[in-house]
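Subject: Structure handover and findings

Hello,

Here is the structure for you to look over. My notes on it follow below.

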Amino acid sequence: MKRNTTIGQLEQLVLLGVLQLADEAYALRLRDELKRMAGHPVSRGALYRTLDRLEQKGFIEWEMETAIPRRGGHPRRRFNVTTAGIHALRASRQTLLRMWSGLEKTLDETA
């Protein structure tokens, strides 16, 4: 059975957010980044479901950090985009560029 390699809009935004945050790609930080950069507020539940889905697709992986007193002794997960995730983003970008091609006049907001 072929693995699902397509990504939806929220999945794409989450992958891009993880890449933007690099070593600081923690769930709550990612949620703030999505709101700040994309103007896209995301509920905690939607974010965690999306992260789980991306992990199932093999597009992200995570590592658990050591618990620290500042966080009440709770560890946190740091997310990374996998090579497969990079390929999925590239494919998504190419598809969107092909679909946008030739529509510049139609979609020009200054006209």
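Buried here means under 20% relative accessible area, exposed over 50%, and partly exposed in between, with a 1.4 Å probe and protein chains only. This is a predicted model, so local features need pLDDT of at least 70, side-chain atom pairs count only at pLDDT 80 or more, and totals for chains, interfaces and linings use all residues. Residues are numbered from 1 along each chain as its sequence is written, and side-chain values use heavy atoms, with hydrogens and water left out.

Overall layout

The protein has five helices and two strands. Helices (H or I, at least four residues) and strands (E, at least two) are DSSP runs, numbered from the N terminus. Along the sequence the order is α-α-α-β-β-α-α. Of the 111 residues, 31% count as buried. Contact means heavy atoms within 4.5 Å. Among contacts with a separation of 6 or more, 53% are between residues 24 or more positions apart.

The core

A nonpolar core is a set of buried Ala, Val, Leu, Ile, Met, Phe, Trp, Tyr and Cys residues joined through side-chain atoms within 4.5 Å. The largest one has 21 residues. Val14, Leu15, Val18, Leu30, Leu34, Leu47 and Leu51 have the most contacts inside it. At least two residues each come from α1 (9-21), α2 (27-38), α3 (44-56), β2 (77-81) and α4 (83-100). The largest share, five residues, is from α1. Take Val18 as an example. Leaving out residues up to four places away in sequence, Val18 touches Ala25, Leu30, Phe79, Asn80 and Val81.

Helix packing

Two packed helices are described by the angle between their axes and the distance between the axes. Axes are lines fitted to C-alpha atoms, for helices over the stretch in contact, and angles run from 0 to 180 degrees between N-to-C directions. Under 35 degrees counts as roughly parallel, over 145 as roughly antiparallel, 65 to 115 as roughly perpendicular, and the rest as oblique. For residue classes, Ala, Val, Leu, Ile, Met, Phe, Trp, Tyr, Cys and Pro are nonpolar, Asp, Glu, Lys and Arg are charged, and the others, Gly among them, are polar.

α1 with α2: the angle is about 105° and the axes are 10 Å apart. That makes α1 roughly perpendicular to α2. Leu13, Val14, Gly17, Val18, Gln20 and Leu21 of α1 meet Arg29, Leu30, Glu33, Leu34 and Ala38 of α2. This contact has seven nonpolar, two polar and two charged residues.

α2 with α3: the angle is about 110°, with the axes 11 Å apart. α2 is therefore roughly perpendicular to α3. On the α2 side are Ala27, Leu28, Leu30, Arg31 and Leu34, facing Arg44, Leu47, Tyr48 and Leu51 in α3. By class there are seven nonpolar, no polar and two charged residues.

α1 with α4: the axes come within 11 Å and cross at roughly 125°. These two helices are therefore oblique to each other. Gln12, Leu15, Leu16 and Leu19 of α1 make the contact with Gly85, Ile86, Leu89, Ser92 and Leu96 of α4. Six of the residues are nonpolar, three are polar and none is charged.

Residues to look at

Glu33 lies in helix α2. Glu33 counts as buried because its relative accessible area is 11%. Beyond residues up to four places away in sequence, Glu33 touches Gln20, Leu21 and Ala38.

Arg78 sits in strand β2. At a relative accessible area of 18%, Arg78 is buried too. Setting aside neighbours within four places in sequence, Arg78 contacts Asp23, Ala25, Tyr26, Glu61, Trp62, Glu63 and Glu65.

Ile60 is in strand β1 (residues 60-64). Its relative accessible area is 3%, so Ile60 is buried. Not counting residues up to four places away in sequence, Ile60 touches Leu15, Leu51, Leu54, Glu55, Phe79, Asn80, Val81 and Thr82. Ile60 and Ala84 are 24 residues apart in sequence and 8.2 Å apart in space, C-alpha to C-alpha.

Ala22 is in the loop between α1 and α2. Ala22 has a positive phi of about 50°, although it is not a glycine. With 39% relative accessibility, Ala22 counts as partly exposed.

Best wishes
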